[in-house]
Amino acid sequence: MLLWLRRSLLSALWYPPLSLQVLLDTNFLNMSVVNKLDIARGMLYLHSSRPPLLHRDLKASNILIDTAVSSGVLCSRAIICDFGLSRLETMPTQREASEQASLVGTVATMAPEVISGDRYTAAADVYSFGIVIWELFSG
């Protein structure tokens, strides 16, 4: 783990990560560069914890693409970031219930049930993941 962290820090100094949104906006997106499985594995990791951690604002600008050259080959990985709105999936307190009513996150990637006022669940994060994948394929 420490070796991976060192490599990540060193690669970040030489190749600063870009957000997926920047790559989409500049049409500099090569589908082989973005590992969609990295995003899926990241969401699986968050949702597999007990209680599950909900990101609540998954979108292209909250996914960083880290690139590095390893043995002459360009390698990249997707990293989920910006956990400012994330919460544990537990019974909501009164404060969280009022926060839920105020719609936190980005409406363009928000699940319809969250927009209509239902409780945020892991399924809403999966919906947001689907929107990100759709953006990748549609450019």
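Which residues is Val132 in contact with, leaving aside its neighbours within four places in sequence? The legends below begin with an overview and then take up this contact set in the second view.

**View 1. Overview of the predicted chain.** The model is predicted. The chain holds six helices and five strands. Along the sequence they follow the pattern α-β-α-α-β-β-β-β-α-α-α. Of the 139 residues, 32% count as buried. Contacts between residues at least 6 apart in sequence were examined for their reach: 65% of them join residues at least 24 apart. The accessible surface comes to about 8500 Å². Carbon and sulfur atoms account for 65% of that surface.

**View 2. Val132 and the largest nonpolar core.** Leaving aside its neighbours within four places in sequence, Val132 is in contact with Leu20, Ile39, Leu58, Lys59, Ala60 and Ile63. The largest nonpolar core has 15 residues. Within this core, Leu20, Leu58, Ile63, Ile65 and Val132 touch the most other members. Helix H2 (20–25), H3, E3, E4 and H6 each supply at least two residues of the core. A second, separate core has seven residues, including Met110, Ala111, Tyr120 and Ala122. In soluble globular proteins, nonpolar side chains tend to be buried together.

**View 3. Helix H6, end to end.** Helix H6 covers residues 122–138, 17 residues in total. At 1.5 Å a residue, H6 should span 24 Å. Buried residues in H6 are Ala122, Ala124, Asp125, Ser128, Ile131, Val132, Ile133 and Leu136.

View 4. The chain has three salt bridges. One of them joins the side chains of Asp66 and Arg77, at 3.0 Å from N to O. Asp66 lies in strand E3 (residues 63–70) and Arg77 in strand E4 (residues 73–80), so the pair ties together parts that are 11 residues apart in sequence. Asp66 is buried, because its relative accessible area is 6%. Arg77, at 24%, counts as partly exposed.

View 5. Arg41 and Asp38 meet through their side chains in a salt bridge, 3.9 Å from N to O. Both residues lie in helix H3 (residues 36–48). They are three residues apart, about one turn of the helix. Is Asp38 buried or exposed? Asp38 is buried, with a relative accessible area of 18%; the cut-off for buried is under 20%.

**View 6. Asp57 and its surroundings.** Asp57 lies in the loop between strand E2 (53–54) and E3. Lys59 forms a salt bridge with Asp57, and their closest N and O atoms are 3.6 Å apart. At 9% relative accessibility, Asp57 counts as buried. Leaving aside neighbours within four places in sequence, Asp57 is in contact with Asn62, Leu85, Gly105, Thr106 and Tyr120.

**View 7. Leu46 in helix H3.** Leu46 lies in helix H3 and is buried, with a relative accessible area of 8%. What does Leu46 contact, leaving aside its neighbours within four places in sequence? The partners are Pro52, Leu53, His55 and Phe83. Leu46 and Leu88 are 42 residues apart in sequence. In space, their C-alpha atoms are 9.5 Å apart.

View 8. Most residues other than glycine have a negative phi, and most peptide bonds are trans. The peptide bond from Arg50 to Pro51 is cis, with omega near -5 degrees. Pro51 lies in the loop between H3 and E2. Arg56 has a positive phi of about 70 degrees although it is not a glycine. Arg56 sits in the loop between E2 and E3 and is buried, at 7% relative accessible area. Asp82 also has a positive phi, near 60 degrees. Its loop runs between E4 and strand E5 (87–88). Asp82 is partly exposed, with a relative accessible area of 42%.

**View 9. A nonpolar patch on the surface.** Leu103, Val107 and Ile115 form this patch. Together they have about 230 Å² of accessible area. Val107 lies in the loop between helix H4 (94–101) and helix H5 (112–115).

How values were computed
Residues are numbered from 1 along each chain as its sequence is written. This is a predicted model: local features need pLDDT of at least 70, side-chain atom pairs count only at pLDDT 80 or more; totals for chains, interfaces and linings use all residues. Side-chain values use heavy atoms; hydrogens and water are left out. Helices (H or I, at least four residues) and strands (E, at least two) are DSSP runs, numbered from the N terminus. The expected span of a helix is 1.5 Å times one less than its number of residues. Buried means under 20% relative accessible area, exposed over 50%, partly exposed in between (1.4 Å probe, protein chains only). A salt bridge is a side-chain nitrogen of Lys or Arg within 4 Å of a carboxyl oxygen of Asp or Glu. Contact means heavy atoms within 4.5 Å. Patches are made of residues with over 30% relative accessible area and no salt bridge: like charges are joined within 9 Å, nonpolar side chains (Val, Leu, Ile, Met, Phe, Trp, Tyr) within 5 Å. Accessible areas come from the Shrake-Rupley method with a 1.4 Å probe; for residues, only the protein chains shown count as cover. A nonpolar core is a set of buried Ala, Val, Leu, Ile, Met, Phe, Trp, Tyr and Cys residues joined through side-chain atoms within 4.5 Å.
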